[in-house]
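Subject: Structure handover

Hello,

Please find the structure below. Some notes on what was found in it follow.

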There are 2 protein chains.
Amino acid sequence: MEYRKIKDQDKDGDAGGEDIESSRGKAHSVGNVDVERTRWKRKSAVTIALTVLTSSQAILIVWSKRAGKYEYSVTTANFMVETLKCALSLAALARTWRSEGVTEDNRLNTTLDEVIVFPIPAALYLVKNLLQYYIFAYVDAPGYQILKNLNIISTGVLYRIILKKKLSEIQWAAFILLCAGCTTAQLKSNSDHVLQTPFQGWVMAIVMALLSGFAGVYTEAIIKKRPMRNINVQNFWLYVFGMIFNAGAILVQDFDAVMNKGFFHGYSFITVLMIVNHALSGIAVSMVMKYADNIVKVYSTSVAMLLTAVVSVFLFGFNLSLAFFLGSTVVSVAVYLHSAGKLQR
Amino acid sequence: MEYRKIKDQDKDGDAGGEDIESSRGKAHSVGNVDVERTRWKRKSAVTIALTVLTSSQAILIVWSKRAGKYEYSVTTANFMVETLKCALSLAALARTWRSEGVTEDNRLNTTLDEVIVFPIPAALYLVKNLLQYYIFAYVDAPGYQILKNLNIISTGVLYRIILKKKLSEIQWAAFILLCAGCTTAQLKSNSDHVLQTPFQGWVMAIVMALLSGFAGVYTEAIIKKRPMRNINVQNFWLYVFGMIFNAGAILVQDFDAVMNKGFFHGYSFITVLMIVNHALSGIAVSMVMKYADNIVKVYSTSVAMLLTAVVSVFLFGFNLSLAFFLGSTVVSVAVYLHSAGKLQR
């Protein structure tokens, strides 16, 4: 098959951008350099988009909390996010079809072989979200925020094991620093009680980190498995299963509320903004999986967390703690080390 | 002059031990490898000694505080520390004279040219200690502990500027991490008020960090200026000036107390232990300056700070905070990066 060859090429070209750096010394045709520059630009664009969307997402959440509680059903909002993502993918596809025509790579119909793996990430997230209800028996919400940083480590380990991509020793050190720095930046005066988390709480936190890391890495694997396949087709199928799973959640959890008060009860302008933002961030995550990788995603969302805190100072008059400055310093050094520590090829 | 040549050799051999690592690939005579192995062992021994002595020093301080206040004069204790260091240096010299005879390198008498620079570090520390009284108008004691971590950065910068030794970019990153990690490990729930330190407080903290960094780097410079000169002779002269400066401090500060209550009033077993410990740590610092450098000293005392906290858990039932674990992680990664980031020669 022709695309298997291209796939392997692409595999080399997607491991954190190091190819672009290390190949500068090698002899390359002008065409290749152009292809790499385009890839680099695309990768940077999706990474920046993800960072900006993730940080504005957190700011919208703070804003909505300040504006008072809205009694909308979270499950219907999640369903709307998936629906919007589906619609946006279809709109992007329609444009492609008009300009390039329908080809093998961008046609919507699919094979069972291609589509059978797409429900798996959605199912993993569902299990993780179910566990979330139980972990609060052992940890409170601020403690859970701290423990969520275990995701960083689990993503790194699973990325290494499942995608078999190597990080240099310096990059592993940077990843540990990223986790420590993010946690430090989130320290509150009462964070120490996290250390009193009972054994079951730790086990659940680790399982949840593994589930979420696995879902991320698995999504990258299925999106990268067919590198020539149009990303919008892949997204369409991912989001269709997201719609199905979330429709199930509405039935199980909010059926009565939807029946009595209506599907869109309690929606406000800010709810709509949050849905649009979540949909765009979701698409940005898929794009990062396609054109970069989970490591870039983790760095991008960590930097977004810091950006959120800084922006909140101006928007909501929050104070930055000394721990935040120290954590931000460590995260910044980690970002530097990740790029300085690229594997020499 | 013959020793100028040896000095330059030594200069290459003292920059953080990287010579030992990077020279492995080069062709070397067996003799050279032996010399380097001896150097490496000596350097490791003094570094470990400094780490152990510094951490036991902090533990003795905690112990003496727990045991209740002893009303001894701090100036007489400091004078005794300098006297003991002098005596120990002389004892070591006497052994050398018996085994090797008196040579140009180990004779005690000196030239004005050699000895004129020795009072400078003692004078710098004196100015720093005087400033210490004034900074407490702007910062409290726990806040001062946090600000003291600026020493790490000032030592690195002055080491680079004055001794003209290079650190790699990774090693600079490691140094920033060391500073951030040590500060994180010392975070208390009320550490945030350090951020409210007024401008004068910051200026004084930075000046004090520069003075203490400069004193350290300057000591290294004068000890390394004559690499073949016996370290015990160099120490003897350093400590003689320490005795003179501290005798002055007794006259200015504690003259009445010493006259009325006696020189050794308020001394206890633990006071004696602390004096012995301070004297041995002081000698270890000189040895690290001779056989390693200020960078090794900073890493060694930072690791000692962490060791102290861990040992205090067992000895005094202290609790370790989440911030301590995060800070320790960052410091450990910094130590790893410092050695992983050695300059390739």
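How far apart are the end C-alpha atoms of helix 8 (residues 150–162) of chain B, and what should its 13 residues span? The model is predicted, so local features need pLDDT of at least 70 and side-chain atom pairs count only at pLDDT 80 or more, while totals for chains, interfaces and linings use all residues. Residues are numbered from 1 along each chain as its sequence is written, chains are lettered from A and ligands numbered from 1 in the order in which they are written, and side-chain values use heavy atoms, without hydrogens and water.

Helix 8 of chain B should span 18 Å at 1.5 Å a residue, and its end C-alpha atoms are 18 Å apart, which agrees. The expected span is 1.5 Å times one less than the number of residues; helices are DSSP runs (H or I, at least four residues), numbered from the N terminus.

Just after helix 8 of chain B, K164(B) has a positive phi of about 55°.

Rings of Phe, Tyr and Trp (its six-membered ring) pair if their centres lie within 6.5 Å; planes under 30 degrees apart count as stacked, over 60 as edge-to-face and the rest as tilted. This rule gives 22 aromatic pairs over all chains. F236(A) and W237(A) are edge-to-face, because their ring centres are 5.4 Å apart and their planes are at 85°.

Regards

Conventions
Helices (H or I, at least four residues) and strands (E, at least two) are DSSP runs, numbered from the N terminus.
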